[in-house]
Amino acid sequence: MPVIRFLRENRDVACYPGENLREVALREGIGLYGVKGVLGNCGGCGQCITCFVEIPEGCASALSARTGVEDLKLRRRPDTWRLACQALVNDSLVVITRPQLGLANKDSQVSAAMASPLPPGPICWPEPVAIESESEGAGEESKTGPGGGEAVATGDEAP
Ligand code: FES
């Protein structure tokens, strides 16, 4: 299972094969965007060009192939840059977020990150989170979660 080593943040994050790199980063609170992207990113449609990441040589095959959108939008950027929203994670890799900011001692940091073994990731999908749903019109709350399981009590229920 893939582990993403976010070099700038000094964090290893496990994910599942095929997960979208942008979604994993956002879920884990990784600062993917600069100011422009924070103020107005496209939500992962490949249009705003603010979710740049750099993938060091040797890690490129860990992601899905570059999309046509990336070919178009990144034509004036280094070949090692990707749009996180367009990339699916297939294997463990090292990622540099916001490469436009530069990174002190980048080459030595990348070498150290590549040399240090990546820990094993999760081996199965997590259990689905039970949610409480409301029945429309009946005014009565459902007591079962998805798949017929029992809903999780939130403590907000009336006595
Ligand atoms: S989020 Fe807009 S291009 Fe990736």
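Let's settle one term: two residues are in contact if their C-beta atoms, placed from the backbone, lie within 7 Å. By that rule, and skipping residues up to four places away in sequence, L63 touches L21, I55, R82, A87, L88, V89, N90 and L93. Before going further, note that this is a predicted model, in which local features need pLDDT of at least 70 and side-chain atom pairs count only at pLDDT 80 or more, while totals for chains, interfaces and linings use all residues. Residues are numbered from 1 along each chain as its sequence is written.

Back to L63. It sits in the loop between β4 and α3 (68-73); helices (H or I, at least four residues) and strands (E, at least two) are DSSP runs, numbered from the N terminus. Is L63 buried or exposed? A residue is buried if 20 or more other C-beta atoms lie within 10 Å of its own, exposed if 12 or fewer, and partly exposed in between, with C-beta atoms placed from the backbone. L63 has 21 C-beta neighbours inside 10 Å, so it counts as buried.

Now zoom out. The chain has four helices and seven strands, and from the N terminus on they run β-β-β-α-α-β-α-β-β-β-α. Of the 159 residues, 23% are buried. Among contacts with a separation of 6 or more, 59% come from residues 24 or more positions apart.

Next, the sheet. Five strands form an open sheet in the order β2-β1-β7-β4-β5, with mixed pairing; two strands pair if DSSP finds at least two bridges between them. The edges belong to β2 (11-14) and β5 (81-83), each of which has a single partner strand, so one side of each is left without a neighbour in the sheet. From one strand to the next the twist averages 35°, where axes are lines fitted to C-alpha atoms, for helices over the stretch in contact, and angles run from 0 to 180 degrees between N-to-C directions.

Walk across it from β2. Strand β1 (residues 3-6) runs antiparallel to β2, and four bridges join the two. One spot to look at is R5, whose bridge partner in β2 is D12. The hairpin of β1 and β2 has four residues between the strands, and N10 takes a positive phi near 55° there. Strand β4 (residues 52-54) is antiparallel to β7, with two bridges between them, and E54 stands opposite I96 in β7.

Why is β7 (residues 93-97) largely enclosed by the rest of the structure? Five of its five residues are buried, and therefore it is largely enclosed. In a regular strand the side chains alternate between the two faces of the sheet. Here both faces of β7 are covered, with L93, V95 and T97 buried on one side and V94 and I96 buried on the other.

That takes us to the packing. A nonpolar core is a set of buried Ala, Val, Leu, Ile, Met, Phe, Trp, Tyr and Cys residues joined through C-beta atoms within 7 Å. The largest one has 26 residues, and those with the most contacts inside it are I4, L21, C51, V53, A84, L93 and V95. The elements giving two or more residues to this core are β1, α1 (21-27), β4 and β7, and β7 gives the most, with four. As for L21, its contacts beyond four places in sequence are V53, L63, A84, A87 and V89.

For a contrast, go to G37 in helix α2 (residues 35-40). With 17 other C-beta atoms within 10 Å, G37 is partly exposed. Leaving aside neighbours within four places in sequence, G37 is in contact with C48, T50 and C51.

Finally, confidence. pLDDT is the predictor's confidence in each residue, from 0 to 100; the chain averages 83, and 78% of its residues reach 70 or more. Over residues 138-159 pLDDT stays under 50, and the model has 27 contacts beyond four places in sequence for that stretch. Where pLDDT is low, the predicted coordinates should not be read in detail.
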